[in-house]
Amino acid sequence: VSKTMRVLDLTMRITPSIKVYPGSPQPSFIPWSKFECQGYDSEAMFMSTHTGTHVDAPSHFKPGLASIDMISSDRLVCNAVLIRAQKRANQLIEQQDIDKQQQQQQIGQGDAVVIATGWEKKHSGSRNYMSQNPGLSEQAARYLCRKKVNAVAIDCPSIDTAADSRFTAHHILLSNNILVVENLCNL
């Protein structure tokens with residue numbers, strides 16, 4: 001019996017005006033070839049690897065760990081558990097927020113945990129989108145490590161709150177080989 005998989009596009013559209021992490025370049029799309037001259041159209045793109053929806057590899061905060069080119073593509077297709085935890089500016093997603101949702105669907109080893117805070121939907125066009133986002137608490141990050149999840153994804157520009165300059169959740173998750181997916185939309 002074949003399983004039917006529902007595919008959802010949770011990625012942001014990359015445009016020259018997309019909000020980027022402070023200090024990162026705005027994306028540029030440079031015409032490269034023209035149909036009239038070369039017989040085909042193409043363009044070159046210039047942007048940070050953290051533009052829009054993206055995956056943080058373990059090496060993002062610790063050299064020597066797996067870089068994105070070392071991540072098997074089958075890690076990007078897995079069971080996902082959606083956690084709805086509405087949060088405001090710089091609020092933490094706590095273990096209790098995750099536990100409340102587990103009554104409906106248990107988080108299993110190798111699952112992706114997708115956290116819907118509502119931040120992207122309510123604030124993507126605002127000035128504070130990149131500077132006040134909610135994020136995962138240290139306790140919640142350690143809890144997900146104990147669950148041995150494959151990835152943690154969020155509808156915010158970072159898995160950490162904007163106020164966390166130590167990038168606590170990043171360090172905990174990535175050093176435990178848990179992928180981080182940031183800037184989801186359409187949750």
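Predicted model: local features only at pLDDT ≥ 70, side-chain atom pairs only at ≥ 80, totals over all residues.
Residues are numbered from 1 along each chain as its sequence is written, and side-chain values use heavy atoms, without hydrogens or water. Local features need pLDDT of at least 70 and side-chain atom pairs count only at pLDDT 80 or more, while totals for chains, interfaces and linings use all residues.

**Stop 1: the pockets**

Select L8, L10, L76, A80 and V114. Among the 30 lining residues of the largest pocket, these lie nearest its centre. A pocket here is an open set of points on a 1 Å grid over the protein atoms alone, where a 1.4 Å probe fits, with protein on both sides within 12 Å along at least five of seven lines; lining residues have an atom within 4 Å of a point. The space comes to about 940 Å³. That volume is the space filled by probe spheres set on the points, which are joined across faces, edges and corners.

Now colour the strands. β3 (54-56), β4 (80-84), β6 (112-116), β8 (151-154) and β9 (179-182) each supply at least two lining residues. Strands are DSSP runs of E with at least two residues, helices are runs of H or I with at least four, and both are numbered from the N terminus. By type, the lining splits into 20 nonpolar, 6 polar and 4 charged residues. Nonpolar covers Ala, Val, Leu, Ile, Met, Phe, Trp, Tyr, Cys and Pro; charged covers Asp, Glu, Lys and Arg; the others, Gly among them, are polar.

Move to the second largest pocket, with about 180 Å³ of space. Of its 15 lining residues, select Y21, H50, H60, P157 and E182, the closest to its centre. This lining has 5 nonpolar, 8 polar and 2 charged residues.

**Stop 2: the cores**

Select L136, L144, V152 and L173. They have the most contacts inside the largest nonpolar core, which has 32 residues. Such a core is a set of buried Ala, Val, Leu, Ile, Met, Phe, Trp, Tyr and Cys residues joined through side-chain atoms within 4.5 Å. Buried means under 20% relative accessible area, exposed over 50%, and partly exposed in between (1.4 Å probe, protein chains only). Elements giving two or more residues are β4, β6, α4 (138-146), β8 and α5 (168-175). α4 gives the largest share, 5 residues.

Stay on α4. Its buried residues are A140, A141, Y143, L144 and C145. They pack against β5 (92-93), α2 (95-101), β6, β7, β8 and α5. Just past the helix, K148 has a positive phi of about 60°.

A second, separate core has 5 residues, including L10, V114, A153 and L184.

**Stop 3: D97**

Go to D97 in helix α2. It is buried, at 12% relative accessibility. Its side chain makes a polar contact of 2.9 Å with that of K87. Polar contacts pair N or O atoms within 3.5 Å; within protein, one must be able to donate a hydrogen and the other to accept it, and residues adjacent in sequence count only if both atoms are side-chain atoms. The D97 side chain also reaches the backbone nitrogen of E94 at 2.8 Å.

**Stop 4: N128**

Finish at N128, in the loop between α3 (119-123) and β7 (135-136). N128 is buried, with 19% relative accessible area. Its side chain makes a polar contact with the Q132 side chain at 3.0 Å. Beyond four places in sequence, N128 touches (heavy atoms within 4.5 Å) W119, H123 and N133.
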